[in-house]
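Subject: Structure handover

Hello,

Please find the structure below. My notes on it follow.

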Amino acid sequence: MRNLQLNSHGELQHLLTIEGLPRTMLTAILDNAAPFTEVAEREVKKLPLLRGKSVFNLFFENSTRTRTTFEIAAKRLSADVINLNINTSSASKGETLLDTIDNLAAMQADMFVVRHQSSGAPFLIAEHLAATGLDHIHVVNAGDGSHAHPTQALLDMYTIRHYKRDFTQLTVAVIGDILHSRVARSQIHALTTLGVPEVRVIAPKTLLPASVERLGVRVFHDMHEGLRGVDVVMMLRLQNERMNGALLPSPQEFFKSYGLTPEKLAQAKPDAIVMHPGPMNRGVEIDSAVADGTHSVILPQVTFGIAVRMAVMSMLAGA
Amino acid sequence: MRNLQLNSHGELQHLLTIEGLPRTMLTAILDNAAPFTEVAEREVKKLPLLRGKSVFNLFFENSTRTRTTFEIAAKRLSADVINLNINTSSASKGETLLDTIDNLAAMQADMFVVRHQSSGAPFLIAEHLAATGLDHIHVVNAGDGSHAHPTQALLDMYTIRHYKRDFTQLTVAVIGDILHSRVARSQIHALTTLGVPEVRVIAPKTLLPASVERLGVRVFHDMHEGLRGVDVVMMLRLQNERMNGALLPSPQEFFKSYGLTPEKLAQAKPDAIVMHPGPMNRGVEIDSAVADGTHSVILPQVTFGIAVRMAVMSMLAGA
Amino acid sequence: MRNLQLNSHGELQHLLTIEGLPRTMLTAILDNAAPFTEVAEREVKKLPLLRGKSVFNLFFENSTRTRTTFEIAAKRLSADVINLNINTSSASKGETLLDTIDNLAAMQADMFVVRHQSSGAPFLIAEHLAATGLDHIHVVNAGDGSHAHPTQALLDMYTIRHYKRDFTQLTVAVIGDILHSRVARSQIHALTTLGVPEVRVIAPKTLLPASVERLGVRVFHDMHEGLRGVDVVMMLRLQNERMNGALLPSPQEFFKSYGLTPEKLAQAKPDAIVMHPGPMNRGVEIDSAVADGTHSVILPQVTFGIAVRMAVMSMLAGA
């Protein structure tokens, strides 16, 4: 893993997962992102760092929101951006994933931003590029199955550092469907790597992976207990398609137990921040009074997300 | 309304509807559009006025044609353009309209071009931006429900002024489904604001709003009478989905009574111009002999439409 | 045909079909493509040749692959690219093809890249542009029905010339569903025009056009015979939707008789090259051992395809 993500000089070669990236690399990405937040304030929000580079947004799973953030980030770096929404059902009839990659590589692609419903697809692509000597093409994982979503975790870390400065004094809680969430997995790895001393997960047993404690987290099943004294509250999105399944009784019942309300939030520190990766299901995982309240840093997360993606892309491109 | 569209200096803040815009502002937009028609004749059809700006085409209702005109206009002004086709049925399951707007605003959007099936959606967005202190983001209504389509009306006014010079001597007829047409509503407001002394509407009673005369128009139900002596004939598009409904017997019967044929057009002035917002239903609202005939200025409307949209966008951006 | 594709100075006006283009023109396109292969190797893969030009990708038939190649080629020439995926079923309800073209022309289009399921559609567009005095707009056929796919044939010729240098000493075999293939038709015209002395087609009788010999080819129904001593093997893609029809028993049986395996390929010259327009159906028309083997030049075809399309576009634009 580490070898695939870092080149022989220890520079970022691909961004596939937080797991295995050293703390110095995570810190370097956050440091590099800072000046890009200023670009967004300028009259002309554009830098020439990726001029003449071809960035392919390969979305095998539909996600307008995530695709948009990468498209903006790449365009503000002056890249040529090609969006490919690849319907997997039709793709499976014809060309294989690696034939598609080979073809786009032959069109002199410089970067693939990959979203895929199968865990591991971006790894498979990166391995294939290494095996075929195409080391000049970089892969960014924009979410794969229930595995990882590293740019989301990085923008979350940027947000936490922006508001809390020092990771090593914090108590952080991640709340909701940990079991199916690639976001949660990446967040936990990022938090522990950056030295957060106490990472909690709060979820019903049915929405927790088997041996979640091995990730270095404390497990809570009750919101009041789990939120007590935390500095950072990280809500997860509840997938609509799971809400009426066997694991969850109903959105209303979930909200009653695990939805973030002002009353439950009162257990956290007075200056706690509340985060959510979006899009929010108001009234399911979060109450509007919290989402729009003074503790919420949900919209700054989005802003920082553009800067973090610009940083990752420019680091990958060696720019 | 006026306050929302104009800032405290009387400059264009949003373009939401023609209603409430002063004649000086309409004239200023038409005046500003003129030089942009020359850009289109150049070898390099590009100006740097919106360089580094992020323009979002937010289409909650599909319209390839209108989206294309805004996309070209923005690209010729060197903006970064992001197209978002948002399926409302799936949007309604998840994020609210205003959460979507907040998120795109947090990505440092500069302009939203909004098409929506619900009347008032662009107003709601502009009000929300004002309420949240995001006054630097501009909204262009690209058609909302049966309410307004201001850029269409403005390009129509540009076309009329191009061929007829003086609005204050004209008789203009708007023909077809006035009841459901956002285009008609915007055209009537623009024509009366610009001083056209006689604006007529020609339609069956079932396709007219209740108190249409209050808009300052004369009502006709017969094409021969209504077209007599007019300088400008403005046809409306008949929506396919309404054609077999209770309000209309059939496309053939509609064409017989209200379709524009050379014979009916003979009632108008010899130098009358014929307009249509497109796409045309040939043989339903307009005969091909008229659409392709010497009175038709339907294609120049399209050309002027790009210039008018470039003018609106550059005025909004303060460029 | 010739008059439509070449202007009065003998320069390329449209690229609609290989048929009727003189050998000098085909050679000129290949010669012009060569420097564009070097652009792709640069740090900044961008030239200003089409800056400020509006290129419309008009895809009436879905083809992500082909659209992508034209989009990249146009963007690397700095054009403004507008993608229009036009669903024909809905288009047929409303506007006619030529009304769509007139409208886009009125938006000051400079080039139409047209993919259409009906043979002849790009011709119809080019004729219409000529008839309406819009000679400054150029049409590139990106595949029409079972008629022609000229840029595919040109990139194939570039590939052959790259590896074999001299067309006049070659034996070339085209293999598969010749009957329905626009690619095959364009390849055969290109090969004979460029002076290839022996062009063979290998196919079952049911997949050959009635009088295919008139195109100047030798017909084979057996792979071992047809491949004997050839320099170039050009496989065709078998359309999935035809595979279970009356003309073909099954993919397995087709592969047994006409699929390219190492064993069959052994009949060709030792330095033979193997080509495929993609996307490949591995195990149907080609064995993976051949597709990924040392004779395969399938990925270089893709790379050369970008350069050839850049050459065609810049020649059309007079750049």
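A word first: this is a predicted model.

I started from one residue, C:Val233. Leaving aside residues up to four places away in sequence, C:Val233 touches C:Ala173, C:Ile175, C:Leu227, C:Leu260, C:Leu265, C:Ala268, C:Ala272, C:Val274 and C:Met275. C:Val233 also belongs to the largest nonpolar core, which has 312 residues. Within that core, the residues with the most contacts are C:Val233, C:Ile175, A:Val233 and B:Val233. As a general point, nonpolar side chains in soluble globular proteins tend to be buried together.

Now the interfaces. Between chains A and B, the contact takes 21 residues from chain A and 16 residues from chain B. On the chain A side, two elements give two or more residues: α3 (64-76) and α13 (298-316). The most comes from α3(A), with seven residues. By class, this side of chain A has eight nonpolar, seven polar and six charged residues.

Between chains C and B, 15 residues of chain C are in contact with 21 residues of chain B. On the chain C side, β2 (80-85) and α5 (97-106) each give two or more residues. The largest share is four residues, from α5(C). This side of chain C divides into four nonpolar, five polar and six charged residues.

Last, the domains of chain A. The domain assignment gives domain 1 as 2-148 + 303-316 and domain 2 as 150-300. Their C-alpha centres lie 26 Å apart. The contact between them takes 27 residues from domain 1 and 23 residues from domain 2. On the domain 1 side, α2 (23-39), β4 (138-144) and α13 of chain A each supply at least two residues. Here α13(A) gives the most, with six residues. The domain 1 side divides into 14 nonpolar, eight polar and five charged residues.

Note where α13(A) turns up. Helix α13(A) gives two or more residues to the side of chain A that touches chain B, and α13(A) also gives six residues to the side of domain 1 that touches domain 2.

Best wishes

Methods
Residues numbered from 1 in each chain as written. Chains lettered and ligands numbered in written order. Predicted model: local features only at pLDDT ≥ 70, side-chain atom pairs only at ≥ 80, totals over all residues. Contact = placed C-beta atoms within 7 Å. Nonpolar A, V, L, I, M, F, W, Y, C, P; charged D, E, K, R; others polar. Core = buried A, V, L, I, M, F, W, Y, C linked by C-beta atoms within 7 Å. Buried ≥ 20, exposed ≤ 12 C-beta atoms within 10 Å, placed from the backbone. Domains from an automatic or database assignment.
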